[in-house]
Amino acid sequence: MKRTQKFGFALLAMAVSMFAMTAVASATPEDPLIGLCKTNTPILCASGSLFHVPSGGSIGVLTEAKNPILKGTLTEKCNTSLSQFKTSEEDKTVLNGQITNLTFTGSCTPCSTVKTLGLPYTAKLSGSGEDYVLSSSGGAELSGCTFGVTCKFEGTGVTLLGVNTAEGAEFKAEEEELKQTGGNAFFCGSTGKWTANYKVIGVDLYNSSGTLLEEHKGPAWITLLK
């Protein structure tokens, strides 16, 4: 082989090598994985403190909100709302699951009863900068209202901002818009803005049949695994 050909191959090899190094250096790192921690450790929770999905089973994150409100032409208030986000996934950048439970209890006014519609709801927990977002849909029927009126409100793309506090993780709905889909339009109003602050109060572990295996009461924190 001629010297000029060898020199040409050497240059080509160097160019390929430099291109590969540049590609590696400019590659976007993988997004952190999301987990649930028993301790206040927002980053790299110790393995022994992580909640793990039982083989073939799921994790249920229990939350409670005090004094949720749906504000509009009709302003509905209740003492308490309980919710559960259930997922069979772990160690992923997005945890896909369902809202399997959503109730409104205690004294509710001006409508005495709030019934959740269409459960379960498809939901997902994902990262958003230093915070998290729980995305879902939802709906409720309000009955026992003034003059015997019934109101229905539903929404898609409902998002709750997830943050870690010293007392545990919280998911906040801040004036999420729901549309009136049934009832008296004049009394109910065409839209309502839902505000609620759900605090994590426990984590349940289920087997593949949906039977409760373990119940952990108390707070939990969302953690980044890497």
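User: Are Cys-37 and Cys-45 buried or exposed?

Analyst: In this predicted model, Cys-37 and Cys-45 are both buried. The word has a cut-off: a residue is called buried when its relative accessible area is under 20%.

User: What makes Cys-37 and Cys-45 a disulfide?

Analyst: The sulfur atoms of Cys-37 and Cys-45 are 2.0 Å apart. A pair of cysteine sulfur atoms within 2.5 Å counts as a disulfide, so this pair qualifies. The link of Cys-37 and Cys-45 is right-handed, with 70 degrees about the S-S bond.

User: How many disulfides does the rule give, and what is the pairing of the bonded cysteines in sequence order?

Analyst: The rule gives four disulfides. With the bonded cysteines numbered along the chain, the pairing reads 1-2, 3-4, 5-6, 7-8.

User: Why is the disulfide of Cys-78 and Cys-108 called right-handed?

Analyst: The torsion about its S-S bond is about 115 degrees, and the disulfide of Cys-78 and Cys-108 is therefore right-handed. Cys-78 belongs to strand 4 (residues 76–87) and Cys-108 to strand 5 (residues 94–109), so the pair ties together parts 30 residues apart in sequence. The sulfur atoms of Cys-78 and Cys-108 are 2.1 Å apart, and both residues are buried.

User: How do you know that Cys-111 and Cys-145 link distant parts of the chain?

Analyst: A disulfide joins Cys-111 to Cys-145, with an S to S distance of 2.0 Å. Its torsion of 110 degrees about the S-S bond goes with a right-handed link. Cys-111 sits in the loop between strand 5 and strand 6 (113–116), whereas Cys-145 sits in the loop between strand 8 (131–143) and strand 9 (151–165), and the two are 34 residues apart. Both Cys-111 and Cys-145 are buried.

User: Which way do the residues of strand 1 point?

Analyst: Ile-34 and Leu-36 point one way from strand 1 (residues 34–37), while Gly-35 and Cys-37 point the other way. All of these residues are buried.

User: What makes strand 1 and strand 13 a pair?

Analyst: Four bridges join strand 1 to strand 13 (residues 221–224). Two strands pair when there are at least two bridges between them, so strand 1 and strand 13 pass the test. The two strands run antiparallel, and Ile-34 has Leu-224 as its bridge partner in strand 13.

User: Which residues are closest to the centre of the second largest cavity?

Analyst: The second largest cavity holds about 80 Å³ of space. Of the 13 residues lining that cavity, Ile-34, Gly-35, Leu-36, Phe-51 and Glu-90 are the closest to its centre. Strand 1 gives the most to this lining, with three residues. By class, the lining has seven nonpolar, three polar and three charged residues.

User: What lines the largest cavity, by class?

Analyst: Its lining has 28 nonpolar, eight polar and one charged residues. The largest cavity has a volume of about 500 Å³. Of its 37 lining residues, Leu-102, Phe-104, Leu-160, Trp-194 and Tyr-198 are the closest to the centre. Strand 8 supplies the largest share of the lining, seven residues.

User: What makes the peptide bond of Thr-109 and Pro-110 cis?

Analyst: The bond joining Thr-109 and Pro-110 has an omega of about 0 degrees and is cis. Pro-110 is in the loop between strand 5 and strand 6. Another cis peptide bond runs from Leu-119 to Pro-120, with omega near 0 degrees. Pro-120 lies in the loop between strand 6 and strand 7 (121–128). Most residues other than glycine have a negative phi, and most peptide bonds are trans.

User: Why is Asp-91 called partly exposed, and Phe-147 exposed?

Analyst: Asp-91 has a relative accessible area of 40%. Phe-147 has a relative accessible area of 77%, and because exposed means over 50%, the word applies to Phe-147. Phi of Asp-91 is near 55 degrees, a positive value; phi of Phe-147 is near 65 degrees, also positive. Asp-91 is in the loop between strand 4 and strand 5, and Phe-147 is in the loop between strand 8 and strand 9.

Notes: Residues are numbered from 1 along each chain as its sequence is written. This is a predicted model: local features need pLDDT of at least 70, side-chain atom pairs count only at pLDDT 80 or more; totals for chains, interfaces and linings use all residues. Side-chain values use heavy atoms; hydrogens and water are left out. Buried means under 20% relative accessible area, exposed over 50%, partly exposed in between (1.4 Å probe, protein chains only). On a 1 Å grid over the protein atoms alone, a cavity is a set of points where a 1.4 Å probe fits but cannot get out, and a pocket is an open set with protein on both sides within 12 Å along at least five of seven lines; lining residues have an atom within 4 Å of a point. Grid points are joined across faces, edges and corners, and a volume is the space filled by probe spheres set on the points. Ala, Val, Leu, Ile, Met, Phe, Trp, Tyr, Cys and Pro count as nonpolar, Asp, Glu, Lys and Arg as charged, and the others, Gly among them, as polar.
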